[in-house]
Structure formats: structure tokens, C-alpha cells
Amino acid sequence: MKPEIVIYCCANFSAVSEEDAEKIIPEDHAVLRISRLPCSGRTDVLYLLRSIEAGATMTMIVGCPEGQCQFVEGNLRARMRVRYANRLLAEAGLGEDRIQMVNIAPGDGIAFAAALRNVVARAREIGPL
Amino acid sequence: MRSTSKALSAAEKILASRERMIAQYPPLSGVKVEEEGGCGVTGFACSIPVGGKHIFEPSRQMHNRGNGKGGGIAAVGFVPEALGVSQEILDSHYMLQIALIDPEDQAAAKAVESEFIHPWLDIARSEKIPTVADYRDIPGLDVRPPDVMRYFVRVKKDVLKDFTVKNHFENLKPGRAEDEFMSQNAFKLNTRFYSTLGDKKAFVMSHGKNMMILKIVGYAELVASYYQLEEFKSHIWIAHQRYPTKGRVWHPGGAHPFSGMHEALVHNGDFANYHSVCEYLKQQNFFPLFHTDTEASVLMLDLLNRVHEYPLEYIIEALAPTTEADFDQLPSDKQKIYRAIQAAHIHGSPDGPWFFIIARNDPYQKMFQLIGITDTAMLRPQVFALQDGEVQIGLVCSEKQAIDATLDSLAKEDPRFCPVCDRYWNARGGSHTDGGTFVFTVKPENGVMRLSCSDKFGNVKAISGNQKICDATAPISVPSQEAEITRTLNQLLDQCRAEEMFSYLAENIPIWDYNTFRWVCAEIVRVAAGSDTCKATAIEVLTLLNDRRFFTGDKKRAWVLWIIRGSLREIFGAVPGFDRASGGRYRYIDFKTRNLLRAPEANEEILVVYTREFEPEGEDCDARLLCEAYFLGWKRFIVYGYRGQRFTGNGFGPATQAVRIDVYGSSGDYLASGIDGMAIYVHGNAQDQLGQIMKDGKLAVFGDVGQTFMYGAKGGEVYVMGNAAGRPLINAVGRPRVVINGTALDYLAESFMAGDPHNGGGFVILNGMTLSDDGSLKELPTPYPGSNLFSLASGGAIFARDPHCTLIEDQLNGGEFAEFTDADWNLILPYLKENERLFGISIEKDILCVNGRPRKPSEVYRKVKAVPLTVLNGAPKQPNPVMAADI
Amino acid sequence: MKAEIKRTASRFRHTIGKYRVQRGKQCKSCAGCVVTCPHGVHFKAGTRMGTPRDYLCVGPEVCRSKNCFCVEKCPNSALNVVINPQIKALGDFRWTADLLMSTWYQAETGRLPDVDMEYRTGNSGGGFDKLRFRFPEKPPQVIPAEDIDTSIELNKRGDKSHRITIGIPLYQGGMSFGSVSDSTMVSRARAAMLWDTFGCTGEGGYPEFLYPFDRQMITQVATGLFGVKEETIQRVRIVEFKYAQGAKPGLGGHLLGDKVTERVAKMREAVQGSALFSPFPFHSVYSVEDHKKHVDWIKAINPKVLVSVKVSTPADVDMVAIGSYYAGAHIVHLDGSYGGTGAAPDIAKKNIAMPIEYAIPKVHRFLVEEGVRDKVTLIASGGIRTAHDVLKAIALGADGVVEGTAGMVALECTRCSSCESGRGCPRGIATTDPELAEFITVDWGAQRVYNLYASWRSQIVGVLQQLGMRSIRELVGRTDCLRHLDYN
Amino acid sequence: MPKKYHIKPTPTAPRFMPVGRSGIIDWEEDCLKCTTCVKKRCLYDVYKNRAYDSQTLEDSIDYQCKNCFSCIQNCPRGVLSKTINPEFLRMGDAYWKPDIIHNTWFQAETGKIPVSGAGYRGPFSGPGFDAMWTDMSEIVRPTRDGIHGREYISTGIDVGRKQRYLKFDASGNVLLEMPPLVEIPLPVIFNVLPFGNLGQGILLSMAEAARQIGSLMYVTPATYGAFLKPFKDHLIPLLPVEGLDLDAEILEGVKMVELLYAPDVLACIQQLKLRSPQLVVSVRLPLDPKARTIAADLAHAGVEVIHLFADYRGNEFVEGDAPRFVKDALREIHLHLVNVSVRDQITLIVSGGIALAEHLPKAIICGADGAAVDLPLLIALECRVCKRCVAGKSCPVSLQNIDPEYGGKRLVNLMCSWWSQLIELMGAMGIRDVRRVRGEAGRAMFFEDLERDTFGALFSNR
């Protein structure tokens, strides 16, 4: 079974399309769903949990490098929330790293590809809920 | 696919011929250059030819509908001698009239003749139309009118033959080829000397048979003065006051009337789709050269009439299609034909406001016609009138006072004309009832010219009965019943028993002859001079005679009214002015003595104002004088002698409960607008914008009311004896309570917002009845013929007297029929009682009586109340359709 | 109330500014930044530092160059300044975030902001936004500011009606009772009075609380004729016929039943809860001669009144204008299609009638050709957002302008466009909801609008100085003082 | 006004959370937990109603927030901030902008005219239809008051061949047989959709809406199926000339048919007319530089209806050069047909790039009798113009599963709103019949003209 990955991107990555992602991860390897947010700091613990609940194997949040957030500390808050959400999942016994936060400079396609591959690989390891 | 029939129809041949002409004389395609807001139009047709001076006064009456930047007149049906030709030539020859814009430009005059007249036309007679020596001698004429050359012509035989052959016109009906030649010749002339030139030189004013057009830069009546037409006689006259919004005009090319072939058309309006109408014409090889919508209109008429030979009814349908509920009410075979006409001609039918008056000669059917056509929404004012008798006259005007002025003018010269008409009415545009059109046709009947009137569908509008007319010039002699009458009169007058006296007179008028009646009135006038109490009673009696309907026996009601009104004028005129000593209650004032106005002294109570000479608006209008008088302490007014002066009762400000104004004559627009407490009695028809924003008070109209009656009114008690025109009570709020005994054209109580009638709100009682000349009341076929009743109303109610349930749901949009309850009856009863008192319309004998049988109120009245419309419920829940700056 | 500029801060805790200043947890409340910043961004609230007033921040570049950049001076690196990402969500093509923020600033302080913001033009890509002034390199003469006259004449016909001069070349657009809160109406009226200009009742009647401003009020006669009485027409010195409104030209409107509160109903003499309609056209005016009659009617009620005819901008706007003049109007008021209003169909705002920038020169030129330009006062509205728009409108040919939306923005409208939904304006301006309307007090509102006009006036004076003109009247029709970015 | 002229809307909520414009950011960690939290004071209760749809990954607050900034400005700790949702900005393409999509969704949901306060917010002018303003009547002419049916404004058109003039017999009856006409109450026909998963649901939704408002829809042999039979009165089969089968089931009982233009189209029309004289036959002609001549030839040859189609962004089909926009190409063809005196005899339908209600009267002013509408129908059914389906991918709003009853309502709502807006614009122009709007350039203003006459005259020669 293909893992399903939900990717939340900060608006600075809004140029990233499904097609781009699919070039990195062939369609038959994983289902990728991308949601662009105004800032990675927009992520809400609820979002993260709901997407896992709705069947995503893993969730990946892409934020700007620390210190470069247009809202100053949105990416830091995102990281905090990811940590909290993972803790909740862990407490529920659903794994502890289903939600991953990465900080990538806008336009750094190589880093994005690497991060995405990592997440997919991890997703294949842990499998769906 | 394409119909390949070799035999082209006559119309197709003419269209093809015009196509060739246009290739030869390509017109400049242009946008509409002559924007105009509106204007005043007037016209009349008469069974006898009458002088041009009679169009003078009505034109003058409409100065405030024009601005002196363009005026024109047209006439149809002449006396041959006046033109220096024989009847035969008048009938057979084209009257080609060419305007030479710069009379000094002899070269142009020559060129016109050598290019467009001499080579083609045989001239039976030609002349320069005589004018006064110097246009500057005519006050108000600032631009020299063009010289107009008149030629009585026929197309040369060989020229016509050549033209016929070249265009395959052999099978055209007789005369049609020659008509087309004249039409093309005029087109070429106008292209060559007018439309393609920056400096316009000459144009064809008209070229029809037995008809002509003259126009100038100035007021229309100055045409008659300048071209010396005062005594020049004709059966039909029409005039147009133009209001071009463009200020600098130096030639009358854009002025009305415009001509097609044998017709002249004046127009009040402004097409919303001029461009696409021109595209339609262009596809039929007709091109406007003066770029006005009036010209486009007359071209359309010429195309449909002359080229396609449509009957008049279908021409009207093509111009003013019958739609919505009116279409549904047509017979099915008519629907089929109209549907076909609409599909073919919709792109050529004008939208927006328009009102045409057409004067035409039909040389083929040997008749003259005056036609008035109104647009389907009746966006321009129009009044029709008809007088029957030894001579007959039909009139159509923008405003009623123009009709009065015409008749006044005629009656002064010829006693066979009565200054009051037998009938006045409005047309309902695009309707299934009259089609918005009336046609006055003058043609010989048993050797005499007779005028008849019919509507779009050919239904004849006739004046019933064979009543006698009055010879107003005859001296009054003492009647044989003198003693008896005098005794009764004196007795009733002395005891101020006006109502009884009215009954006595009404009973006797059918028996008396004109002389006796005139003598009686003269007696009343004489006695009235005796004391203020007699005067009051005399005024009351004569006013009742003027206001009420009663049987007049063998006398025409119009003449009886004229006698009554004359007597009233005499009484009013005899009231002492401020320059005379008097201890009485009445004081007289007129324009000349207006500066003598002062506060009322001693017994003075009633100010009688002769309004004739006052300006219709502005600082010197009578309405201002009334305000001044009121601020000085006057409360009671009798105003008479109106000829359309406006704003009566305006400007008094709030809380005027003690004021009463009695209005006689042709009162004007905006009467009673904004009144707050006072009472106004209009003893005759009233005009447009009556009672606009009226707040409180009482208004009684002993006749009809015009457009947008009580627009935005907030309250008041109003009684109308006759009909209301379009959009009565639109946007009225608060608590207006209105009785209309007749009907309304359309859009009655649109957006009525008058709350709950049972809780202080307003309502309209619509009785749907008409008073016939003998004083009896008749039901109209329906209380409301319009398609839109109570449209989008949110409050108030309509109580329609509709015993036969002719009103249908489809007429309502925002209203619904509701049960007529006892509470409703109790609510409206006091108003019906006052209505009975004012107009003599009996609740018992008239209102609650159907086909001679008494009925219960709930069987007679239907109630329409407001329903909350879904479209108006609450605020829409909507997302935010905003636009982002950075997309 | 003495007329002077007084600093009048926002009603809200935070004013949106161009920069976002973030104070981190590292802050030790040493208050060094309070000293560093000359713009008053930082302040101490008790023992702790207050949340920075970041709308006053002029940005890193300026501060760095003046050596007063708090971020660099903070000993604890607790401060951070970035461009405020929120302003992306603020504003639109016509009213950009910069325009909104600079207008708020002017309303607060009565002067232009120090912050680098485009306060003159929007971003609509045409019209005013592409016009610029063409200043002589050296003004022909140096004119002291106090010698410059910004007043205009409203009765140029020279007839027997009132002679009225207003101190600044603008008056206020009508906002009806019921469409805005009472305090908004009074605030605006008071500001108008202080500047010796006019407010306008709108079409919803003449509420009693405006009676003290009678001499400086225009009352409107609009197609619904609501609340129009002889009494109200006699009360004022100027009556305005509203034939059309630029933002919904040719369209009528309706006030939904639930907006017809007891008070609104009383004012319009209608019944509470029943919907109120204004028809599209004036049904008593279908032609120019009807229009003349209509004007005559008002003069019959109040012979000395000035008549203003407010029209939209159709293709034949020049004909409409001259027709109005011949009908006896003193003021022809052109309302362009891009102006504001309570609520209007988007389709109408965008598509019907021409922008005011085309209409002004068209009408001006036509009136000149007809030889009557100096007999009529030409007023423009519909998209006048800034002092520079005022000046450009006048240079294109208007005598003055009518202000509407800018005054609303001064009262902190964000142009969220939700004037009519639900309970009305969430910012308490265009609402009849008593709870929402409480947000605004008259003193506050009047001062904000006063301040805005003060700032506008000083900008107008400044431009006139640069052009070497002594009076705003000299600028009328001086298109040679303008250039257009698309042409040469 | 008779009720038969009304179109009735039914509020129909979207199946999926729409993509919103707003992007609220909430640093709730800093919240002071005030008792009168700004979130509670939101006038629109967007916080109270906040929901997250994990299916579409949409947050309801983005769609519901009205951008008043009150919460942002009033929170004591400033925990809230907002910007724009990047998902919103990504919707559609350069022509089908997010605002158009939003606007269409609103209308399909409510059937109402989009209304907003505080004036116009868009650019001064723009390309295509945005370079054109419609006129209004004022003082010299009244506007007309058609909204809510206060006054009857006709929006119906006749599709078919019109006669140049009629002939009557002596008793006034029409002499010649009238060519067949199909009457539609709104100058709109549902076009073939440019893309999208055209399952039965969508076709049935369109057919249902066409039936309800009395209009027509095109259908191709590829998508036709027996399920559409009950709607035959409202179908226009769109067929190629080549291999035309007169007995094809798709032709059974229809009132109108359209043929793809080919040089031998006339012969084909003749066959069809021979078989069913009451059939209205239209020719679909690509809008390209040759269209003008071909259209005139077809009109002269007696063709009843010509459907000029541009691409779905309203551009003409032309190699290389910058294509003209549909309004300009259409205007030229219309004027040419007027010049050769055939315009009034044919019906001209136009399609391509008709995206908003205002495009309808604008296209009609430029010379069309009516328009065929495509993509807005799909958007009304919640399409986001993501074009995933073009690449064969799944539809984010499952258009393939749409319920025809639901879809029909959404489409009727959209048409109701367009109808009301058409009436508003016509009312402002002062015109009471949409057929009279056709070619009426006097009731429009074109950007090029105004710019040239105004600023061009003032500034170009300096």
C-alpha cells in the first residue's frame, strides 16, 4: 500500500506544485497532498492530528530557515507545535515521528527533495496507522 | 437555401435601387451628434383649414419645454390659392422646400438648382417663401433663419422613365417610382450639400405632397412669424420646441420636424439604442444624414410605410411592440402576427423614451392624418383631445395647456370652436387596449372634410350624441321664464343654499336652451357682485356646476362648462384689488398689481389671484406670490386663470392646516407637492408630479391627475374624481390615503411602503369607474389594465373595486390578494363618504351596486396587501468577494 | 471646540503599520530602545516594556542611516524589525495598504507620516494613479503658506441665491441616516463646520442631531424622496439632487426590512421592519425639461437655495452637465464610478459609467467651449482618496471635490467592504447597531476627520507653492501642470 | 409582471469547504485568556464556527473571515495576525482569476448578485472585457427599473433566421412561412465544457438547469447518452459535417442542431432542413481571421445561426501574432455583417472567455445575440480550475460524483444571478429588451477611445 503524505508548506514555497513533488517521488511510490499555508506558524496541532486521523501516514511541515520567517518566529512556533503533536501521538501509541518539521530556504529544491525522500522512506518504514 | 426566385418584390427592388444610390453617394457614418434631453411637441388636425397663428400660442405655452435653440412646424393639407397653385397641382405635385442655410451664398443656391432640380424636375411653380424683412425685428430670433425655396415639382417624364427602367420599377404601384426618385434625390442633395460638409449649405426641409416643414434656430412659433404663416391655412399643424443640450446652434438642420416622404414627424425623447436602430436602417439602405434619433424615426416610418407598405397598425407594432401581460391579452391570431413582426423588427424598434407626433398626407388614399404614438413605458407626457361638432378638431400635445391655448386661439376667431374639448385622454403605450396610438384622420365624407379618431387597432373614438353647439357670439336675451327663475335664484342665493341651488340648476339645464342658461349665469354673476355672502354662494354653486357631472340635454357639456367657467372668471375678476377701497372679505391681485400685496386687514379673508400673466416658475411665478401672501397672514386663496403655472401650494412650509386653496383653470405640475396640512381643491384636471412628497393635508381633484402623482408622499388625504396616469404613489411611505375613482395607466403604488393600513398606515382605493357626461357612473372593463400593480410594495394596501374579479395574480409582484374584511370596510368607509360628498359618487347607488343590484362590500372590493418577498428577506449570507491588490 | 490639530490615536490597541517590531523574551526592560528610537515606537509601561507601537517605525534603512536602529542598539538582541506581512491582506488596487495606513496616520497626527509610504497614489494602473505633477524647477515666486488661498466659490451664477465660499476645496459626500452611525454623522458634520465647509445629510432624512449644523449642511433629494420635506429643504443653504451615485450608477437600492429600525423608520416616515426602496430613476425626471422643472421646484420651496446636481458619468456626461447648468444648477457634481458607497453590486461598481478622471476634463472642456464654465461650480467625486487626487481633479478641470471614503478611513475603516452584512460595519462606522456604534465618540471622530483635512490642506498649499500659485482657483483646468506616465 | 419571466434561486451550499482568501495566524501560546476575547467578539463568529476539513485541507476561517482586522488590532497581546492564503492565490490561471472563481461560487450558492460596500477595489481598467464600460442613462433619458421585476425588462432572444421584412395579405395576415425560431429566456446557452470530468452527473446537472430556465445546452456524440433523452427539447447536438447521420439517435426530437464548420456545411444543412424543416441549424465557426468572410458568406447563403467560438480564455485562433480578444474580433465581424446587410437576418452566438455576468451584455454590445457559456458552469459546480483532470488526475471536489439535482440548482442559481445582473446593467442603460442591446455601441465606452480622447489629447503631444 502506498503511503500518504500531507505536506504543509509555508507560503514562501507556494511555487511547489504537486507535479514538482511527483517528479521527486514517483506517483506509484506515495500519495502526496500539499497544502500551502501563509506561514508554517499557521500549522495548528489540530491540523496535524486531523490529517493523521484522516489517513495520512506522515505529515511534513516545510518552514523557512530559523531567523528568516516573515512573521519573525512562525517557524519556531511550528516546530513547537510539531513537537507537541508528536508527543500526543506518542502518548496514544501511534508513533512519535509521524509529523516532521524541516526548515528549508525558499528555492532550495535539492534540500526539499532530500527532505521529501527522507519522509517517504520513513513513511514506508512505519506504515499507515 | 437562398430563395432564388427571380421575381424580386417591389420592396426588394427599391432596396436594391437604394443600394446603388448609396454606392454613388456614400454617406458619412456618424455617431449621434444631436443629443437632446427632451422637448415639447404639439399638434392638431382640424376638419377645416385654419391659420398658422393657432399653433403660435400653444407653442409659446411650451417655452419651458424648449430653450429657444430650435423650433419647427409642419403643416399638411392646404388651400391651393394661398400657394398660388391650382387644386390639381397641389394634389399632384411634390412641394419641394429647400433650406439655404446662408441666404447670401448665391453660389450654393445655384448649385443646388443646377445639380438637383433643373436636370430632373419639372417645376410648376417656384418661389422663395416670403419672410419678414429683417429677422431681427422678431424678438427672440437671434440667428437668421434659412431662406427656403419652394418648388412645386414632378419628375420629368423621361427621367422617371429612365429611372423606372434602370431599377426595374415597372410593376410598382402608380406613383411609387416617382416617390422613390424624390426620396433619392433629396438624399443626394442632403449628402452633397449638408452631411458631408463641415460648413453646411443646404438641405431639403420637406418634399411631400400637400405638406411642408419649416424650422429655425429659435422658438417654434417664431417660424410662423418669420415666414408669415399667421393667416396661412392648413388642416394639420404640428410644432416642436427643441431643447438641444448643445448650446451653440447656428442652423436648424437638427431641429424637428423631419420628413420621410409625405409625412412630418416631431419627437420628444431620446433613444437609448440609436446606434443599433441606425444599424438596422443601414441594412435596409437607409442612412440618417442629420444624425438625430428623430430623423432615424422618420426613416423607419418611411421604410415600413412606403417601401414595405405595412399597414399603420403593424408599423406601430414594429416600433412599439406589445409585451408581457398586454401581449397575453391579445387574440391569438393577432399574437401570431405580432410575434412575427417583433422577431423581424425588434432591432429597429426604439428603446427609451419617445413620443412621436406625425402629420402626414396620404395622397394615395386621399386623406390627411395626425398621429400620436407613445413608447411602451409612456416615458414622455402626452395628452390627446377631441372636439366634435360642426367642425371637428383633434389635438395631441405634451401638456394640456397647449391644447387649451390652441382652442382658445381658435375659438376667438371662429365661434364654432369651443374652448373646452369633449374628451381629453392619455394613450397607454404598447397596450392591447389602444396600442399607445391615436390617429386623427381628415378626409372627405359626402363632399365635406370630416375628422375622425381611432386607435392603433382601428377602434373609433367617437363623441356620442347629437348635441348642439353654442353660439357664444350671440347676444343674451331675457328668457320667457325670467320671473320664475329670478325668484328661485334670489331665494336660494339669499339663504346661501348652494347645494339646493345646484340641484335646481342641474335639473333645469337639460330643459333650458343655451340662451336661458347663459342668462341664468349672467344673473348669478350680477347678484354675486351684491354682497360677499352672495358671492360666496355664487362661487360655490358655479363651482359645483363645474365640478359635478349632470345631464345637459341637447347642449354639449363642453359648452356648458365654458359658460360656467366664464361666469366664475367674471365673478373673480370683479373682486376689488388692493388699489381700491373695500371692506369686504375678498381681495383681488394679478401680475400687474402683485407689488401691492399686503397683509390682510379688517374683514379680508380671501385672496383671489388671477394667475394668467404670471411666469410658470421662478421668482415671478404665482406660487411665490401665494407664499408671500401666506407669510403675510392670508390663509384662503382662490387662484384662477391658470395656463400651466407650476408649484401651486409649494413653499408654505410645515403646519399649514388653516390654509385652503381653490384652483381653477389649467393648473400646472407639482401642484400640492410637499404640502403639510393645507387643503387644495383642483376644480379641473391636474397635471404631473401632483402631491409629490405631500406630507399632510387634503387634496381633491375634480378630474384626472398626471404622471407620478404623490411620488414619495408621506401622508395626506386625497380624492381623485377621474384617472391617474403612470406611477401614482410610487415610493409613498407613511400614511397617504387616496381614493381614485377611475383607474391608473400602470405601476400603481410601485414600492408602496405605507405600513399597516389598520395601524395608521396608508392605502389606495381604486374604484375603476368612469363618470359619463350625463353624470351616471359606469364600470370600466377592469379597474386596472396595467401589467404592474403594487410592484415590490412592502406596506400599505390597495382596495380595488373589482366585482367581476378581473385582476389577476400576474399583475402583482410583491402583493397578494387578501380577504376583504369588515374591518377593511370600516377603514375605507369614511373616505368613501367624503368621496361621495365631493364628487357625488354614491356608496349605495354606485359603488355597492353591480349590474343594478346591491352587493355587500366584500363582494365588490378586493384587497391587495404586501407580502414579504424572498428577495428582500434579510441580509444575504455571503462570502467576501473582495479583490486582492497583489493578484 | 477650538479648531486645531490634536493627536488622536487609534481606538484599537494596535495600529497596523508598515513594519512589524517584535520584542523577544531576551528583553530585560532596560529601556535603552526608548532612548534610541526618535519615533516613539518603544515605551515603558510600568516596570515592563510596552508592546511596541510598530506603526510609528520608519524601518531599518532610515534608522541605520541615522544611527538610531533599535535592533542593532539593543544590548540583548531582543528586538526584530521586518516588513509587516499583514499588509498583504490590507487594501486593494485603489486603496493600497500604504494609502490606508498613511491616511490613518494623517487622521491621527494631522500631518504626513515619516514612514516611507506612498501616500499620494494607489495601484490601480490608470487615471490619478498614473498622473503626476509637473513642477517648475524653481517656483516662479516664493509665496508664504499663509498667503495661499484654498477657498472656492459655490455660487458662480451670480444670481440672487446665497453666496457661499468654502474654506477648503472639498465638502462631504452624503451618508444617510441609517447607513452610518449617529456619531459618524455628527463627527463628520463637526469637522466640516470647523473647516468652514459642508456636510451632507444623504438621502435618509434630516435627523435632529444635525440641526446645529444647518448652515453647513447640504440635504439630499434622491430618487426615494425619503425624509424629504419642505421643512428640510428650507432648512439648508444647499440642496443636492442625487440623480445617480457613481458607485452604483443608474441603480436604485433597497434597505432591507431588518435594517429599518424604529429610528430609521421614523426618520423616513416609514414603518419599522418594512423594506424601503429607492427606484433607479427619478420617476418625475425623464428628460432635461423635467429636470429643469425639478430644479425650479426646489427653488420654489427655498428661493435662495443653491442647487447641486449630483450625476454619474455616462458617455454623454458633458451633455448632462450642460443640461444641468441650463436647468439652473449652481453646482454640477460629477460622481465617478469608482467611488464608495454602503453597498453596491460589484458588477455596477466595476462596469457602469466612466471613471472620474475621464469625466472631469470632458465636462470642463465642453463647458468652456459653451462659454459657461465660469458660471458653474464643477465638483468631482468618486475615487478621490488623497490630497493629490484633490489637486489632480482640480488640475483636470474641477473646482473642488467631494470626499467620502477618505473620511471613513480616517475613522479607521479598513475597507473590508462588509458595510451591510449582518449587524453592519464591524468597525462601528457604517452601522446602526448601538453596541457597535459605541466604538466611536464624536470628539474623537471629529478630530480625526479634522486632522485629515488639515494634512490635506497643507499638502495642497505645498503643491500650490511649488507651482507658484496663490490660489487653488488658479489650478482649475491647468492640465499643463500634470503629466501622465503613459505619455512622454 | 407575469411570473413566467422569473428565475427562482434555491440556496445551495457547497459540498466542499471552499478555498478562502484570508489567512489568519494565531499564536495562541501567548494568549492571556481574557474573558472578553476578541475571538468571541468577532461579528461574524468565524472563530466560533471554525472547522478544519482534513479532506481538502481547508480551514473554514479562511473563507468566512471578512478582513475587518478588528480581532487583529484589538487582541492585547497581538497574538493574531493575518495575510493572504496562498492556496487562494494559486487558483485558476491568468484569465480565470481567483476572484472570478470566488464570485461564481457565491452566485452558484446563493443565486444572488455579489454586493459589497466601500466602493470599487479593482484596477482602473484591464485587458479584454475590462477595457470596456457600459453606459447609463441620466436626466436626458431615464434608467429602467427592472431589478426584482419592478418593471419588465425582457432578456429573451430568438435563435434562428429572421426575415428582413414581412409580407401581408389584404386582410393583414403574414404571407410567408416564418422560419423556425427557438426562444430562450436568457441570452445564454450552455456550451460544451472545455475540460473536466464530464460524467453523467455534470451533463445531467446542465440539462436539468437548461430545462428549468428554458434554455439550451450543447451535447456532442461522444458524451451523448440515453440518459439525456428526457431533455431533448433543450439539447443542441453538436455534430461534424463529415459522416452526418440523419437518423442518429442524438438528433431525435431536438429543436436545434449545430454543425462544425466545414466547406461543405451548406449541403449538410440542406439535408437536415429537408428532413426536418422546423429544425434550426447552426454553424460553429472558429473565431479566426477568416471568420469574417466565412460568416458573411454563410449569412448570405441563408444560414440561420452562426456560433463563433474563441478559446476558453477568449482569444481568437491565430498562429504566431498576438490573438485578438473575442470582443474585438466579434465587433469587427458584426460590423461587417451590418455593412453587407445581413446582420439582422442571422443569429450570432459567441463563446470563449465569457466568465462573468458583465461579459454577457458586453459581448452583446459588441455584436452577439447571445453567448454560450462553459467554464463558469463547471466553476459553479465547485471546480477550482486546477486542471488536474486534464492530466488525468483526480478531481479535488469529486465532480464525477455530482448529484444532478444539486448541480442543477447551483447552475440555476448562477443563471439567476447573471440574469439579475444583466437586468441591472440594461436598466442602467435604459434599455428594456436585450435584443436592442445588440450592437448598441452607443451604450458602451471603450478604454482605447476614452484614453485617446482624454489623456491622449491632453498629454500625448508634449
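# Sheet, helices and contacts in a predicted model

Biologist: What is the strand order of the open sheet of six strands in chain B?

Modeller: This is a predicted model. In chain B, six strands form an open sheet with antiparallel pairing. Their order is β9-β10-β11-β12-β16-β17.

Biologist: Which strands of chain B stand at the edges of that sheet, and why is one side of each left without a neighbour?

Modeller: Each edge strand has a single partner strand, so one of its sides has no neighbour in the sheet. The strands in that position are β9 (258-259) and β17 (448-455) of chain B.

Biologist: In β17(B), which residue is the bridge partner of B:K443?

Modeller: Strand β16 (residues 437-445) of chain B is joined to β17(B) by eight bridges, and the two run antiparallel. Within β17(B), the partner of B:K443 is B:R450.

Biologist: At about what angle to β10(B) does helix α10 of chain B run?

Modeller: Helix α10 (residues 293-307) of chain B lies across β9, β10 (263-267) and β11 (355-362) of that chain. Relative to β10(B), the helix runs at about 140°.

Biologist: Are α6(B) and α7(B) roughly parallel or roughly perpendicular?

Modeller: Helix α6 (residues 157-166) and helix α7 (residues 176-195) of chain B pack with their axes 10 Å apart, at an angle of about 95°. That angle makes α6(B), relative to α7(B), roughly perpendicular.

Biologist: Which residues of α7(B) meet α6(B)?

Modeller: By class, this contact has four nonpolar, one polar and one charged residues. From α6(B) come B:L160, B:F163 and B:T164. On the α7(B) side they meet B:A177, B:E178 and B:F181.

Biologist: How many nonpolar residues are on the side of chain D that touches chain C?

Modeller: The contact takes 57 residues from chain D and 80 residues from chain C. Elements giving two or more residues to the chain D side include α2 (70-74), β4 (80-84), α11 and α12 (447-459) of chain D. By class, that side has 20 polar and 10 charged residues, and its nonpolar count is 27.

Biologist: Which residue in β5(D) is the bridge partner of C:A344?

Modeller: Two bridges join strand β16 (residues 344-345) of chain C to β5(D), and these strands run antiparallel. In β5(D), C:A344 is partnered by D:S116.

Terms used
Residues numbered from 1 in each chain as written. Chains lettered and ligands numbered in written order. Predicted model: local features only at pLDDT ≥ 70, side-chain atom pairs only at ≥ 80, totals over all residues. Axes fitted to C-alpha atoms, helices over the stretch in contact; angles between N-to-C directions. Helix = DSSP H or I, 4+ residues; strand = E, 2+ residues; numbered from the N terminus. Parallel < 35°, antiparallel > 145°, perpendicular 65-115°, else oblique. Contact = placed C-beta atoms within 7 Å. Nonpolar A, V, L, I, M, F, W, Y, C, P; charged D, E, K, R; others polar. Pairing = 2+ DSSP bridges.
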